[in-house]
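My notes follow the order of looking.

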Amino acid sequence: MIAQGGRPPSDTPRERGAPRPPCPPARPPYPPALTRDLSRGPSLRVRLRRDRSLIIMTLPALVLLVVFGYAPMIGLIMAFQQYNVYNGMLYSPWVAFANFQQLFGDPGFWHAFLNTLLLFSVQLLLFFPVPIALAVLFDSVLSRRLKALVQSVATLPHFFSWVLVITLFEQFLGGAGVIPQFLRQHGVANPIDLMTDGTTFKFLVAAQLIWKEAGWNTIVFMAALTAISPSLYEAAAVDGAGWWRRTRHITLPGLKGITILLLILNLGYALTFGFEQMLIQRGAVGPGAAEVLTTFSYIFGIQQGDYSYGAAAGLFLGMTSLILILAANKVAHLFGEDGLYRR
Amino acid sequence: MWNNKIYGLPIYPGNKIFAGAIFYRADILQALGLGTPAINSIQDLYDLGKEINDPKRGRWAFDDIMSYLIQPFGVPFNPPNWTTDSKGDLIAAWETPQVIEMINWEASIVRAGMMHPESIAFQVSSGTQRFQNGSMVITGGGIGGWNGYDAVAGKAANKSYERAALPPFTASGTGTPTIGLGSSASIFSYLNAGLSKSQVEECLRIADYIAAPFGSYEYTLTNFGAQGVDWSPSASGPALTATGQKNVQQTFNFLASAMNVQSVQSGYVDVVKAVCAWQQNAGKYSYKPLFWNMNVSVPPNLANALTATAFTASNGNILEEVVRGKSTVADFQAAVKSWQRNGGNALRTFFDGIRAKYGDQ
């Protein structure tokens, strides 16, 4: 019989404070072939053979990552050059950190940086909880057909392009849209044009994002919900827990891990989010409201042909995003969560 | 290469090319009892806008017409956008005082609620639709868009649809209007410099054949193929047969082509007549901008200054921002100074050199 805690039974239990008995002699040594430290797991060769199917399946994604993720990073050397299309990277003159000096001294860049953080914070605050709430709501729908229908309708806008989404918003909220026109016909002389108003733009952006992506983003949370054992709900219901208590003590804790993972990944996109959405609306609301780092990098780098400047902005953006992700991951680990990976 | 200049064969050339005009819905003005508008100054245009603007009924007076206000305000926007100041020195379009007057005027129509909200929101792609469905009465556009196809699309939206263009006028209402000519051709074909004299002559003979004028036997053969096989006569000109639709490709025109002609589409002869009458009238006021018809290639380091996207980008350049109240005239002036520092002045020096060496026409 094994005692509780897994400790082997002892014939003469040790008195509290009594000296520790001497350690048993070491086991006889294994033959040399078996002396490898087993705690390090099987050898690389064995692991390669064991996992070859998985590795082969991963290869295309890896190639994709190398070709489109890592190889273009060679272009980052442009950030340290005065790049000229006609001379190419090999013959363009080196300027060390001149592009970065110009970047950090540019008030337009800092405006774009702060505006990115502002828009992202509003988006995080208003958008992030919505898919969780929606997922919990969908989960509580008992009719399978209704659930599938509602989910499909909510997911559909994800497949619309930003141009279409913004046009739809324009048709409803724009100065000549359905709502302002209704107000005009009912005595409001100058109804607000939300599509060109810089002050409310941050909320407009969040609203567009919620309409387009909230349904799609529920998918991950719905998957996490299916992982929660129904017996927990049954037990809680038997104990008299109502819907809110079950949600609070079973559903939400069940979603905690995936929520933190997505939050960290979101932070990684903090500085790069919404490029298309902002670029399309930048003219309408002005750069004061819609300039973000990606549009800044595109307009002053690509569009104006100053590739080195654009690359410097892009490199800064990438590095900051990486730091944000690593910091958020660290915080998650400190709180005992998995974060991006399990420690 | 002749006389230190490279010459090419012009494709689709024209001797009076205009960038565009300010158009209005003649049928709507008629219906409102305003008749044919007599616009002699920018104030007249503002007053007309006031009369037709009726947002409650879903009708706004103006589209974003800034690109076409360059004519009344006399702003030289045909690239490379140079003009001269009182001393005869080169200045760019955005350095002229008239450009500030122009953006201030357009800002005033935005403030007065006379510009269509979708135009303010840069919904450029639906601009034609807004004009055709009558939710916007005055717009700007290229002359090429004033044709039979436009009449067909417009009448599909509204049976009485009629597009008309304002003749050139001056913003102040005084003096003679001017309208800058666009390049006579924007596509060229070139002969290889290594060709022998006889080869060059042969190529030119072929080009001469392909560029035979509209209505000639050579023109019809090049553009429509053989009569009876590829095309047959119809009321609106040669009509391609089934064989012709398979065989005829108008690729020869990209080696050399005849002078541009206004052709009738979908039977709208009146539209072509109106276009020709407008062009004929505009021709009286036309002038050749600096460096007109000179294809100047600038060094790569000056290319950005020449493009000057801060003033020319199609969506959200600084001029458009001032018009929409998102930036101030002071911001615009700061952008001009920035342009001067970052290549603009160097570009001026470069064009001074071109002017000294080759002239400016």
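I started with helix H15 (residues 329-358) of chain B, in what is a predicted model. H15(B) has 30 residues. Its end C-alpha atoms are only 36 Å apart. A straight helix would reach 44 Å at 1.5 Å a residue, so H15(B) falls short.

Where does H15(B) bend? I found the bend at Arg341(B), by about 65°.

Next I looked at burial along H15(B). Phe332(B), Ala335(B), Val336(B) and Trp339(B) are buried, among others. Gly343(B), Gly344(B), Leu347(B) and Phe351(B) are on the buried list too. An α-helix has 3.6 residues a turn, so residues three or four places apart point the same way.

What do the buried residues of H15(B) pack against? I noted two strands, S4 (82-84) and S5 (90-92) of chain B. I also noted H12, helix H13 (309-312) and H14 of chain B. After H15(B) comes Gly359(B), with a positive phi near 85°.

Then I turned to the contact between the chains. Chain B puts in 24 residues and chain A 25 residues. On the side of chain B that touches chain A, helix H5 (117-120), helix H12 (303-307) and helix H14 (318-323) each give two or more residues. H5(B) gives the most, with three residues. By class, I logged eight nonpolar, 10 polar and six charged residues on that side of chain B.

Last, the domains. Chain B is divided into domain 1 (21-180 + 265-358) and domain 2 (189-254). Taken over C-alpha atoms, the centres of these two domains of chain B are 36 Å apart.

Notes
Residues are numbered from 1 along each chain as its sequence is written. Chains are lettered from A and ligands numbered from 1 in the order in which they are written. This is a predicted model: local features need pLDDT of at least 70, side-chain atom pairs count only at pLDDT 80 or more; totals for chains, interfaces and linings use all residues. Two residues are in contact if their C-beta atoms, placed from the backbone, lie within 7 Å. Helices (H or I, at least four residues) and strands (E, at least two) are DSSP runs, numbered from the N terminus. Ala, Val, Leu, Ile, Met, Phe, Trp, Tyr, Cys and Pro count as nonpolar, Asp, Glu, Lys and Arg as charged, and the others, Gly among them, as polar. Domain bounds come from an automatic or database domain assignment. The bend at a residue is the angle between axes fitted to the seven residues ending there and the seven starting there. A residue is buried if 20 or more other C-beta atoms lie within 10 Å of its own, exposed if 12 or fewer, and partly exposed in between; C-beta atoms are placed from the backbone.
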